[in-house]
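Me: I would like to learn how to read a protein structure, one feature at a time. Please start with the sheet.

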Amino acid sequence: MNSPKMAVRIFMVSMLFAFLLISSVEGKDLTQSDYEEYISNFVGAASYQLPEPVSTLSSLIMSAPNLTMGALRNWAYNNMLSTTRNLMDADQSGNKEQIDHYNDQLDRWQAVYSCLNGDCGHMQQLEGGAGAGLASGEQGTTAPATAAAIGSLVANGTSYQKGALLIGPISIPANWTDPQDIIFLDQGRPYIVVGEGTCSLWDSPPEPDGVDSCFVYAKWRIGDVPQVWGQLELVDPSFHLSDLIEKNTGKPAEYNPSHVYAAVVFGEGKMLKARVYDGGGYSDNYGELRISVYQAISG
Ligand SMILES: [Ca+2]
């Protein structure tokens with residue numbers, strides 16, 4: 001039972017801790033252990049625990065200021081990555097107990113990360129111990145995506161709706177050549193991947209940006225009609241987002257002037273990675289695309 005008074009008291013104490021800690025870390029190039037210390041002190045005031053019945057971490061996160069949210073996101077993201085690595089090791093060794101343990105941990109970290117991105121539904125379910133609701137895979141809430149509202153998507157003849165935000169939006173700088181780790185995708189499970197934003201593949205083009213996750217629309221380069229170039233490239237499963245859209249729907253991706261695209265992807269039991277694809281060299285690129293991954297709920 002979370003009493004609002006208790007949550008407020010914890011929040012106030014946490015803000016004091018946060019203020020002291022921010023004063024002590026400002027101006028430093030933070031290392032992972034700085035973040036961990038910062039966060040553990042911060043949430044220590046709230047008797048920190050991963051969402052287990054019963055805690056008030058979700059109320060704390062929902063009330064926290066941007067600086068703290070940024071630090072918390074970094075912390076949760078790094079823990080998701082390390083848990084994913086542990087899960088992959090456990091998968092390799094075939095130790096079922098460890099696989100279950102790390103799957104459970106990953107689910108909890110993803111709940112924390114989703115909550116930090118504005119969707120605390122899953123975390124509140126965990127904190128409330130609503131096990132039955134979780135088992136069905138149903139989500140009562142849909143994340144307030146930075147991406148525009150995406151209607152239902154069809155893949156393999158099945159219709160999918162966006163469920164909880166699992167991760168994102170993650171920045172994919174256009175001048176990074178190597179695919180960046182995004183999130184571990186369970187084998188055979190459907191997810192919705194959203195690509196958004198615009199970037200440039202050229203040094204000093206006559207117009208800003210010019211490409212998005214799927215299309216080139218730079219008039220100086222291709223004229224008035226945008227063309228599919230497939231800049232957002234996924235690895236494991238390995239598709240350009242534009243190809244995935246075509247595979248889902250059986251027809252080419254359609255240009256979206258707001259530069260938001262979504263597709264259903266099926267996990268391969270591997271870490272999904274992504275980069276901006278540029279066949280012409282990365283050193284002159286600027287800007288970034290952004291990627292988010294949601295649960296995909298069929299029906
Ligand atoms: Ca380039």
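Reply: Helices (H or I, at least four residues) and strands (E, at least two) are DSSP runs numbered from the N terminus, and two strands pair if DSSP finds at least two bridges between them. Here four strands form an open sheet in the order E3-E12-E9-E10, and the pairing is antiparallel. Strand E3 (180-185) and strand E10 (239-240) are the edges, each pairing on one side only. Bear in mind that this is a predicted model: local features need pLDDT of at least 70, side-chain atom pairs count only at pLDDT 80 or more, and totals for chains, interfaces and linings use all residues. Residues are numbered from 1 along each chain as its sequence is written.

Me: How many bridges join strand E9 to E10?

Reply: Two bridges link strand E9 (residues 232-235) to E10, and the two run antiparallel. Leucine 234 stands opposite phenylalanine 239 in E10, and glutamate 233 stands opposite histidine 240 in E10. E9 and E10 make a hairpin with three residues between them, and aspartate 236 in the turn has a positive phi of about 60°.

Me: Which residue of E12 stands opposite glutamate 233?

Reply: Arginine 275 in E12 stands opposite glutamate 233. E9 pairs with strand E12 (residues 270-276) over four bridges, in the antiparallel sense.

Me: Is valine 211 buried or exposed?

Reply: A residue is buried if 20 or more other C-beta atoms lie within 10 Å of its own, exposed if 12 or fewer, and partly exposed in between; the C-beta atoms are placed from the backbone. Valine 211, in strand E6 (residues 211-212), counts as buried because it has 31 C-beta neighbours inside 10 Å. Compare asparagine 74 in helix H4 (residues 66-93): asparagine 74 has 16 such neighbours inside 10 Å, so it counts as partly exposed. In the protein chain, buried residues make up 40% of the 299 residues.

Me: What does valine 211 touch?

Reply: Two residues are in contact if their C-beta atoms, placed from the backbone, lie within 7 Å. Leaving out residues up to four places away in sequence, valine 211 touches Thr198, Cys199, Leu201, Val216, Ala218, Trp229 and Gln231. Tryptophan 229 is 18 residues from valine 211 along the chain, and their C-alpha atoms are separated by 8.3 Å.

Me: In which elements is confidence lowest and highest?

Reply: pLDDT is the predictor's confidence in each residue, from 0 to 100. Its mean is lowest in helix H7 (residues 131-135), at 35, and highest in E9, at 98. Over residues 19-30 the pLDDT is below 50, and this stretch has nine contacts in the model beyond near neighbours in sequence. Residues 130-149 also stay under 50. Where pLDDT is low, the predicted coordinates should not be read in detail. For the protein chain the average is 78, and 70% of the residues score at least 70.
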